[in-house]
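Me: I'd like to learn how to read a few features off a protein model. Can we take them one at a time?

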Amino acid sequence: MSTVAPRSGSPIQVPAVDRFAVTFAPLSLEEVYRLADDPANGAVVVMSGTVRNCTDGKAVVALEYQAYEPMAMRVFQQIAAKIRQTWAEANRVVIYHRVGRLAIGEISVLVAVGCPHRSEAFEACRYAIDTLKHAAPIWKKEHWQDGSSSWVSIAACEENNC
């Protein structure tokens, strides 16, 4: 288990098998699934967020993500720690998020949780993506078909269901 010291409070305990990344590189479903898999798992739940072609009826041609990486990684680690407190049988937690410009259909985020039972895996994975969207310092810029663009906080976007 590795320890990451947050800015305030006690250190976050993170098992060495958990993985987190903020990256420009394309994300791989197969890699994230493999990292979340464990012989003790009865379920691995993977949530894949992709770039869609429309927001609120307006055509989107691309998204651009930026993140404050050190804090985003800390949030990912806090999410994993909370998962392990709430769903103690969770074996693996993997959270990867892209940054940079992404085309329609590209994967922007992958969250995977491995557990002995499916209900815990689903609940923990849902908790992870919902918390990430509200707490991680990640922003997206929507590039519209008409040539305009606008920055949106992911948390603000989630509140407005965009």
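This is a predicted model: local features need pLDDT of at least 70, side-chain atom pairs count only at pLDDT 80 or more; totals for chains, interfaces and linings use all residues.

Me: Where does W139 sit in the fold, and is W139 buried or partly exposed?

Reply: W139 belongs to strand 10, which covers residues 138–144. The idea with burial is to look at relative accessible area: buried means under 20%, exposed means over 50%, and partly exposed is in between. W139 has 36% relative accessibility, so W139 counts as partly exposed.

Me: OK, let me try another strand residue. Is S108 buried or exposed?

Reply: S108 is in strand 9, residues 107–115. Its relative accessibility is 4%, so S108 is buried. Leaving aside residues up to four places away in sequence, S108 touches L27, G49, T50, Y65, Y96, H97, R98 and L102.

Me: And what about a helix residue, say Q78: which class does Q78 fall into?

Reply: Q78 lies in helix 2, residues 69–86. With a relative accessible area of 38%, Q78 is partly exposed.

Me: Now the rings. How many aromatic pairs does a search of the whole structure find?

Reply: In general, a pair of aromatic rings is described by the distance of the centres and the angle of the planes. Here the search of the whole structure turns up one pair. The partners are W87 and Y127, with 5.9 Å centre to centre and 50 degrees between the planes, a tilted pair. This pair links distant parts of the chain, 40 residues apart: W87 is in the loop between helix 2 and strand 7 (92–98), and Y127 is in helix 3 (residues 118–135).

Me: What lies over the face of W144?

Reply: That's K58, at 4.4 Å from the ring centre.

Me: Can you zoom out for me? How many helices and strands are there?

Reply: The protein has four helices and 11 strands. Of its 162 residues, 47% are buried. Among contacts with a separation of 6 or more, 71% come from residues 24 or more positions apart.

Technical notes: Residues are numbered from 1 along each chain as its sequence is written. Side-chain values use heavy atoms; hydrogens and water are left out. Helices (H or I, at least four residues) and strands (E, at least two) are DSSP runs, numbered from the N terminus. Buried means under 20% relative accessible area, exposed over 50%, partly exposed in between (1.4 Å probe, protein chains only). Contact means heavy atoms within 4.5 Å. Rings of Phe, Tyr and Trp (its six-membered ring) pair if their centres lie within 6.5 Å; planes under 30 degrees apart count as stacked, over 60 as edge-to-face and the rest as tilted. A charge sits over a ring if NZ of Lys or CZ of Arg is within 6 Å of the ring centre and within 35 degrees of the ring normal.
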